[in-house]
Amino acid sequence: NFSLSSPDALATRSSASDNGGPGIQFDAVDTAEQNISIDDVFVDPNVDAGILIGAADDSLVNVEIIDSEIIDTIDGADVDLFGDGVFLRASGTAELNGLVADNIITGNEGSGFRAKAVESADLDFDLPLAWGRTVR
């Protein structure tokens with residue numbers, strides 16, 4: 001699986017399949033800043049989350065997930081994760097911003113797309129379902 005903490009990250013034209021945890025995972029903590037682009041990626045099947053993006057403390061994360069297929073994620077042992085296709089979570093005073101568009105997200109045991117903000121965190125996402133492909 002991809003698990004990166006670089007300030008600028010790109011996952012494109014690739015596959016993240018059959019992992020014992022999330023297929024793609026990015027986490028930012030403290031005052032980290034990350035710009036993440038996930039484009040044309042096939043994510044199938046993984047455990048707990050197909051794509052997991054986390055922002056904690058006072059971090060800033062900008063992410064776009066476009067033209068990808070995130071399918072058949074199963075719920076594993078992590079009690080905070082439910083087999084969601086895409087799960088975005090922010091805590092502390094973190095900011096998590098971005099776009100999720102034109103994806104196929106289907107067949108996951110949890111939600112197709114789930115976002116959670118706790119404490120004073122801020123989530124600001126565009127999820128244009130009207131011109132996206134499929135979220136089930």
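1. A quick term first: a polar contact here is a pair of N or O atoms within 3.5 Å; within protein, one must be able to donate a hydrogen and the other to accept it, and residues adjacent in sequence count only if both atoms are side-chain atoms. This is a predicted model, where local features need pLDDT of at least 70, side-chain atom pairs count only at pLDDT 80 or more, and totals for chains, interfaces and linings use all residues. Residues are numbered from 1 along each chain as its sequence is written, and side-chain values use heavy atoms, leaving out hydrogens and water.

2. On to Asn103, in the loop between strand S9 (95-101) and strand S10 (104-106). Asn103 counts as buried because its relative accessibility is 3% (buried means under 20% relative accessible area, with a 1.4 Å probe and protein chains only). A polar atom of its side chain lies 2.9 Å from the backbone nitrogen of Ser68, and one lies 3.1 Å from the backbone oxygen of Ala101.

3. Take Ile38: leaving aside neighbours within four places in sequence, its contacts (heavy atoms within 4.5 Å) include Ile24, Ile51, Ile53, Ile65 and Ser68.

4. How far to trust it? pLDDT, the predictor's confidence per residue from 0 to 100, averages 89 over the protein, and 88% of the residues score at least 70. Over residues 130-134 the pLDDT is below 50. Where pLDDT is low, the predicted coordinates should not be read in detail.

Conventions:
Helix = DSSP H or I, 4+ residues; strand = E, 2+ residues; numbered from the N terminus. Buried < 20%, exposed > 50% of the residue type's maximum accessible area, 1.4 Å probe, protein only.
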